[in-house]
Amino acid sequence: MSSRRTAPALFAGAATLLLLGSASATAAPAHADHHATLRALAAPHDLKVGTAVDVSALSDDTAYRAVAGSEFNSVTAENVMKWEVVEPTRGTYDWSQADELVDFARRHHQSVRGHTLLWHNQLPAWLTSGVADGSIDAPELRRILRDHITAEVKHFKGRIYQWDVVNEIFEEDGSYRDSLWLRTLGPSYVADAFRWAHAADPKAKLFLNDYNVEGINAKSTAYYDLAKKLRAQGVPVQGLGIQGYLDIQYGFPADVEQNLERFAALGMQTAFTEVDVRMNLPAGDTERARQADDYRRLLDACLAVRSCTSFTVWGFTDKYSWVPGTFPGQGAANILDENFVAKPAYTALADELKTTRRTGHRP
Ligand code: XIL
C-alpha cells in the first residue's frame, strides 16, 4: 500500500503535487479529497488551529499553498512581520509581504496571529548598530520602540486577533534576558510595549511569548509572576504564548495542564504558538510515533483548559522547516513530510480533535 493511501489527510496537497508533474508519479488520485481538515475538526472546540507561513513558499509552491489554505483557520507570519523585514531602513516601512499573508488569510477565512513586535533577534542593522555605537541613546530607543509598535499594530488594526508583543524576554532561570532592550531601557520596556500596542488596537489580545514554558518551571513561573504584577498594575496583557518546541530525546514537560490553569486563574488566555517536535536524523517509525504522542499531548492540554484559544504549528511540512538549519543533525519536526504526506503526528492531532470534548469557561 502506498504511503499516500495510508495518508488520506494529505490528498489535497499530494494530489496537487502530483498534478504539478512529479516525474515518477503514475497518476493523481482519482477520487476527491473528502478528509476532515484540522480546521473543520477544531471548529466545535472554539479553538483556532494555525500554522506559521513562509510567504515565499506560499507564492512559489502550489501544494504548500493548498494545504496552508485548507487545513488551518489561523496563520502566523514566520518572518515577515519581524522588525528587520518591516522597517529595513529607519522610518521606511515595507508591509508588502505581511500584507500578502493577511490578504491570503482573508481569502481563506483565516484569523491572523501577529508575530512579533519586540524581540532580540531579526532586528534591523540600523537599530542594533545605532545602539552599539551610542548614536541611539535610551530616550531615543524608547521613541523608536514606541513608533515601531504603534505603526505596526495600527497598520494591521482589526486584522490581528492575537499579538506576540514581546518575544523571549526571559532566561531559563527566570531572570530578564540580557538584550539591548533590557540593557538600554531597563525592565519597564515590557509594560510600555503592551500599553503602546493596546493603544494602537484595543481589540487585539496581547501576548507574552516564549519557549520552554510548556510546563511549570523557573521560566514559566517568572512569566506567571510578571503577568500577575502587570495585570495588578492595569497593564493590558491578556495571554501567555507557549511556543511548544519539543525534542523527542527529552521527556514530555511536566504539568502542562496545570501551567495553563494557573494563567487561566489570572484571567488570561494561553496559546501554543510555534509547535514542532524535532528528532535526530535519520528517524524511524518509533521516533515518528513518539513525536505524534508529543503533539497529541500538547493539544490535549490545550483542549483540557478552555482559556487555551489557539494551537499553532511552526510550519506544517518538513520541506520548509527552520529546524535543520538551526539544530544540526535534527529535523523531521512537522506534521507532514517533505512531500506533504501526513505523518502519525497529523493523524494524532486529527484524532485528538475528533475524540476530545471541551468543557469549562473561557476568559
Ligand atoms: C524562526 C524562523 O522560523 C526562521 O525562518 C528564521 O530564520 C528565524 O526565526 N522562535 C520564534 C520564531 O519566536 O520567530 C523563530 O522563527 C523560531 C524561534
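**Reading the fold, helix contacts and local geometry**

Q: Among contacts in the chain between residues at least 6 apart in sequence, what percentage join residues at least 24 apart?

A: In this predicted model, 78% of the contacts between residues at least 6 apart in sequence join residues at least 24 apart.

Q: How many helices and strands does the chain have?

A: The chain has 15 helices and 10 strands.

Q: What percentage of the residues count as buried, and how much accessible surface does the chain have?

A: A residue counts as buried when its relative accessible area is under 20%. By that criterion, 55% of the 363 residues of the chain are buried. The accessible surface of the chain comes to about 14,900 Å², and carbon and sulfur atoms account for 50% of this area.

Q: How is a helix pair to be read, and at what angle do the axes of α8 and α10 cross?

A: A helix pair may be described by the approach of the axes, the crossing angle, the hand of the crossing and the residues in contact. Helix α8 (residues 138-155) and helix α10 (residues 189-200) have axes that come within 8 Å and cross at roughly 35°. The crossing of α8 past α10 is right-handed. On the α8 side, the contact is made by Arg 142, Leu 145, Arg 146, Ile 149, Thr 150, Val 153 and Lys 154. On the α10 side, the residues are Tyr 189, Asp 192, Ala 193, Trp 196, Ala 197 and Ala 200. The residues of this contact divide into eight nonpolar, one polar and four charged.

Q: Which residues of α12 and α13 make the contact between these helices?

A: The axes of helix α12 (residues 256-265) and α13 come within 9 Å and cross at roughly 35°. Here, too, the hand can be stated: α12 passes α13 in a right-handed crossing. Val 256, Glu 257, Leu 260 and Glu 261 of α12 meet Ala 301, Cys 302 and Ala 304 of α13. The contact of α12 with α13 comprises five nonpolar, no polar and two charged residues.

Q: Which residues form a disulfide, and why is the disulfide described as left-handed?

A: A search of the whole structure finds one disulfide. The pair is Cys 302 and Cys 308, whose sulfur atoms are 2.1 Å apart. The torsion about their S-S bond is about -95°, and the disulfide is therefore left-handed. Cys 302 is buried, with a relative accessible area of 0%; Cys 308 likewise counts as buried, at 0%. Cys 302 also belongs to the α13 side of the contact with α12.

Q: Which residues does a cis peptide bond join, and what is omega?

A: The torsion to consult is omega. A cis peptide bond joins His 115 and Thr 116, with omega about 0°. Thr 116 lies in strand β3 (residues 111-118). The peptide bond from Leu 281 to Pro 282 is also cis, and its omega is near -5°. Pro 282 is located in the loop between β8 (269-280) and α13 (285-304).

Q: Which residues have a positive phi although they are not glycine?

A: Such cases are read from phi together with the residue type. Asn 212 has a phi near 55° and lies in the loop between β5 (205-210) and α11 (218-232). Its relative accessibility is 32%, so Asn 212 counts as partly exposed. Ala 332 has a phi of about 50° and is found in the loop between β10 (330-331) and α15 (344-355). At 23% relative accessibility, Ala 332 counts as partly exposed.

Q: Is Gln 330 buried or exposed, and which residues does Gln 330 touch?

A: Gln 330 lies in strand β10 and is buried, with a relative accessible area of 8%. Leaving aside residues up to four places away in sequence, Gln 330 touches Asp 247, Gln 249, Arg 278, Met 279, Asn 280, Leu 281, Val 323 and Pro 324. Gln 330 and Leu 281 are 49 residues apart along the chain, with their C-alpha atoms separated by 5.4 Å. Leu 281 is also one partner in the cis peptide bond to Pro 282.

Q: Where is Phe 170 found, and how far apart in space are Phe 170 and Tyr 211?

A: Phe 170 is in the loop between β4 (162-167) and α9 (180-185). This residue is buried, with a relative accessible area of 3%. The C-alpha atoms of Phe 170 and Tyr 211 are 9.5 Å apart, whereas the two residues are 41 apart in sequence. Beyond residues up to four places away in sequence, Phe 170 touches Ser 175, Tyr 176, Arg 177, Asp 210, Lys 219, Ala 222, Tyr 223 and Leu 226.

How values were computed
Residues are numbered from 1 along each chain as its sequence is written. This is a predicted model: local features need pLDDT of at least 70, side-chain atom pairs count only at pLDDT 80 or more; totals for chains, interfaces and linings use all residues. Side-chain values use heavy atoms; hydrogens and water are left out. Axes are lines fitted to C-alpha atoms, for helices over the stretch in contact, and angles run from 0 to 180 degrees between N-to-C directions. Helices (H or I, at least four residues) and strands (E, at least two) are DSSP runs, numbered from the N terminus. A crossing is left-handed if the near helix is turned anticlockwise from the far one by less than a right angle, and right-handed if clockwise. Contact means heavy atoms within 4.5 Å. Ala, Val, Leu, Ile, Met, Phe, Trp, Tyr, Cys and Pro count as nonpolar, Asp, Glu, Lys and Arg as charged, and the others, Gly among them, as polar. Buried means under 20% relative accessible area, exposed over 50%, partly exposed in between (1.4 Å probe, protein chains only). Accessible areas come from the Shrake-Rupley method with a 1.4 Å probe; for residues, only the protein chains shown count as cover. A disulfide is a pair of cysteine sulfur atoms within 2.5 Å.
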